[in-house]
Amino acid sequence: MRWNKRGMLIETVIFFILNIFFFVVLTVFIVNSSSGATVYEQTYAKEIALIIDQAKENTTLTIDFTDALKLAQKNGVKPEEVIQINNLERKVIVRLGQSGGYSFGYFSNYDILPEEKSGKFIVGNSIFMRIKESKS
Amino acid sequence: MKGKKGGEKLISIWWFMVLIIVATGIVIGVSAYYTAEVDVKAVEADILSEKVLDCMSQNGFVPEGFFKDNFDILHTCKLSQKVFEAGSNFFFRVSLYDSNGKLIKSSQAGDASFEKSCAIQKEVTAVNFPICVNKKESVIYLDRGDIRRGELQIIAGSNQYGRRLIASV
């Protein structure tokens, strides 16, 4: 009888520990998924491509990128690797995690150039883009 | 555990099965939600139609070059030749009608099949079909030196999906 009671206690404790472990693992998975790079890569790539298409030539765009840069830093991505513009393919590539990133196209005949002084798209906490009409 | 009935057991194969079913459901649901495509086709089609309308109606006037045979609409509207090549994810058609509704001239670029697909899309909801935007604007154009009123109709569509890239090793 004594063994039975002790056994039940152990079983109940294990049951609760396993339940808590299960919910912790699930919560960690959900939090990681919701704050993960995949969602933001897609959103930022599409937003930037749409902004480029809406812009007029010979303009300069500055977009605050603080949150994305924080995420990239957390995931070990260098600021200069966060955004790439392929002027030949007319594509914007955003990379905030260890995956290859997300690519989205724009249809305007523009060459997107980085800031003249630094030659980079990321200046401080912002994206800096000069929009020029392409000669090709 | 000895002497216990099956129903009294807390940790049992059924409990593990319930956990597995719940976990699988949550993992599938969360993954499906966060890997889902953000659909911006309607926004893109709208931007494209605005861009074309902007260059085809300059202060309400249709550019004279539109009536020439060698008129390059992509160059005039500052749109990429490469993006609108065969197999494009975009399409647009500009049609100029006179005041009686007679077609004067039409010009298009991109994947022409979008027009039919968009007509189907109006009737039935189809997931991977392009989304089109239709716009009309009253314009003035020159016809052999005479100023005439007409209507510019623009149909623009997009079927662009982004691409997740695989990390290079």
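Me: How many helices and strands does chain A have?
Reply: This is a predicted model, and the elements of chain A can be read along its sequence as α-α-β-α-α-β-β-β-β-β-β. The secondary structure of chain A therefore comes to 4 helices and 7 strands.

Me: What percentage of the residues in chain A is buried?
Reply: The accessible surface of chain A comes to about 7,600 Å², with 60% of that area belonging to carbon and sulfur atoms. A residue counts as buried when its relative accessible area is under 20%, and among the 136 residues of chain A the buried share is 43%.

Me: Which residue lies 37 positions along the chain from Ile10(A), and what separates their C-alpha atoms?
Reply: Ile10(A) has its place in helix α1 (residues 2–34) of chain A, where its relative accessible area of 43% makes it partly exposed. The residue 37 positions along the chain is Glu47(A), and the two C-alpha atoms are separated by 55 Å.

Me: What is the order of the elements in chain B from the N terminus on?
Reply: Chain B has 4 helices and 5 strands. From the N terminus on, these elements run α-α-α-β-β-α-β-β-β.

Me: Why is chain B described as more spread out than a compact globule, and what is its radius of gyration?
Reply: The C-alpha atoms of chain B fill a box of roughly 105 × 45 × 25 Å along the principal axes. For 169 residues the globule rule gives 15 Å, and chain B is called more spread out than a compact globule because its radius of gyration is well over that value, at 27 Å.

Me: What share of the contacts in chain B with a separation of 6 or more joins residues 24 or more positions apart?
Reply: Of the 169 residues of chain B, 38% count as buried, and its accessible surface comes to about 10,400 Å², of which 56% belongs to carbon and sulfur atoms. Among contacts with a separation of 6 or more in chain B, the share from residues 24 or more positions apart is 58%.

Me: Which element of chain B has the highest mean pLDDT?
Reply: The mean pLDDT of chain B is 89, and 94% of its residues reach 70 or more. Among its elements, helix α4 (residues 114–123) of chain B has the lowest mean, 87, while the highest, 96, belongs to strand β1 (residues 90–98) of chain B.

Me: How many aromatic pairs are there over all chains, and what is the geometry of Trp15(B) and Phe16(B)?
Reply: A search of the whole structure finds 14 aromatic pairs over all chains. For Trp15(B) and Phe16(B), the ring centres are 4.9 Å apart and the planes meet at 65 degrees, so this pair is edge-to-face.

Me: Which residues form one aromatic cluster with Trp15(B) and Phe16(B)?
Reply: Trp15(B) is buried, with a relative accessible area of 12%, whereas Phe16(B), at 37%, counts as partly exposed. The cluster that holds both of them also takes in Phe15(A) and Phe16(A).

Me: What angle lies between the planes of Phe84(B) and Phe92(B)?
Reply: Phe84(B) is buried at 6% relative accessible area, and Phe92(B) is buried at 0%. Their rings form an edge-to-face aromatic pair, with 5.5 Å centre to centre and an angle between the planes of 80 degrees.

Me: Is Arg144(B) buried or exposed?
Reply: Arg144(B) lies in the loop between β3 (131–143) and β4 (146–158) of chain B, and it has a positive phi of about 50 degrees although it is not a glycine. With a relative accessible area of 77%, Arg144(B) is exposed.

Notes:
Residues are numbered from 1 along each chain as its sequence is written. Chains are lettered from A and ligands numbered from 1 in the order in which they are written. This is a predicted model: local features need pLDDT of at least 70, side-chain atom pairs count only at pLDDT 80 or more; totals for chains, interfaces and linings use all residues. Side-chain values use heavy atoms; hydrogens and water are left out. pLDDT is the predictor's confidence in each residue, from 0 to 100. Helices (H or I, at least four residues) and strands (E, at least two) are DSSP runs, numbered from the N terminus. Rings of Phe, Tyr and Trp (its six-membered ring) pair if their centres lie within 6.5 Å; planes under 30 degrees apart count as stacked, over 60 as edge-to-face and the rest as tilted. Buried means under 20% relative accessible area, exposed over 50%, partly exposed in between (1.4 Å probe, protein chains only). Accessible areas come from the Shrake-Rupley method with a 1.4 Å probe; for residues, only the protein chains shown count as cover. The radius of gyration is taken over C-alpha atoms; the globule rule is 2.2 Å times the number of residues to the power 0.38. Contact means heavy atoms within 4.5 Å.
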